[in-house]
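Here's a quick briefing for anyone meeting this structure for the first time. Have a look at the model, then read on.

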Amino acid sequence: KDKDKDKEKESERERGDKERESEKDKDKDKDKEKESERERGDKERESEKDKDKDKDKDKEKEKEKEKEKEKEKEKEKEKGEDIFLHSLYSKLIPAVRELPLYHKTIPLSYRFFEQLLGDFTPPGELHHLPMISMQDLHALGEACGIGSLKGVSKFTKLFDQLGSLLHFDEVAALKDTIVFDPLW
């Protein structure tokens, strides 16, 4: 009987051990299942991140393509402008060389006079207008070494022809007025 009891106790212990082992195995299986779920979640998150990165890369590629297209358009435009400018230049230079004033030498005193005139501020109420009287122009001419009224008249005529100033010599009301900034 004792042996049977011992066997029974032994078998109960073994059953208990097996049950505990079975529960441990179940817990291990649950842990493995949770781990695999975590891994699946991590993979899904990584997959989403990869998709987002791919989208960002695609957007960057599109931006780069747009920039390249814009650069190509700029180059084409520049080529067109270069061709146009070259064509214009090749036609303009010979025409300018045929102008009577092209070969004319401009005295240094005239250049100095032009510079002084550019820095000139008219006195009085009309200080904001780029105009000067023939009398004031003659005074500036004397400061540059162009002493005579005839020399100042030559300067005025030449620079009127060059477009650096405007003098309406034939209009009686404007004969004494010179506009020294024609773009005004």
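A residue counts as buried under 20% relative accessible area, exposed over 50%, and partly exposed in between (1.4 Å probe, protein chains only). By that rule, E10 is partly exposed, with a relative accessible area of 36%. What you're looking at is a predicted model, where local features need pLDDT of at least 70, side-chain atom pairs count only at pLDDT 80 or more, and totals for chains, interfaces and linings use all residues. Residues are numbered from 1 along each chain as its sequence is written, and side-chain values use heavy atoms, with hydrogens and water left out.

**Salt bridges**
- The whole structure has five salt bridges (a side-chain nitrogen of Lys or Arg within 4 Å of a carboxyl oxygen of Asp or Glu).
- One of them joins R13 to E10 at 3.1 Å, N to O; both sit in helix α1, three residues apart, or about one turn. Helices here are DSSP runs (H or I, at least four residues), numbered from the N terminus.
- D17 and R20 pair up at 2.4 Å, N to O, and they too lie three residues apart in helix α1.
- D17 is partly exposed at 36% relative accessibility, and R20 is partly exposed at 48%.
- Another bridge links D42 and R45 at 2.4 Å, N to O; because they are three residues apart in helix α1, about one helical turn separates them.
- D42 is partly exposed at 35%, as is R45 at 48%.

**Around V96**
- V96 belongs to helix α1, which covers residues 2-97.
- V96 has a relative accessible area of 30%, so this residue is partly exposed.

Technical notes
Helix = DSSP H or I, 4+ residues; strand = E, 2+ residues; numbered from the N terminus.
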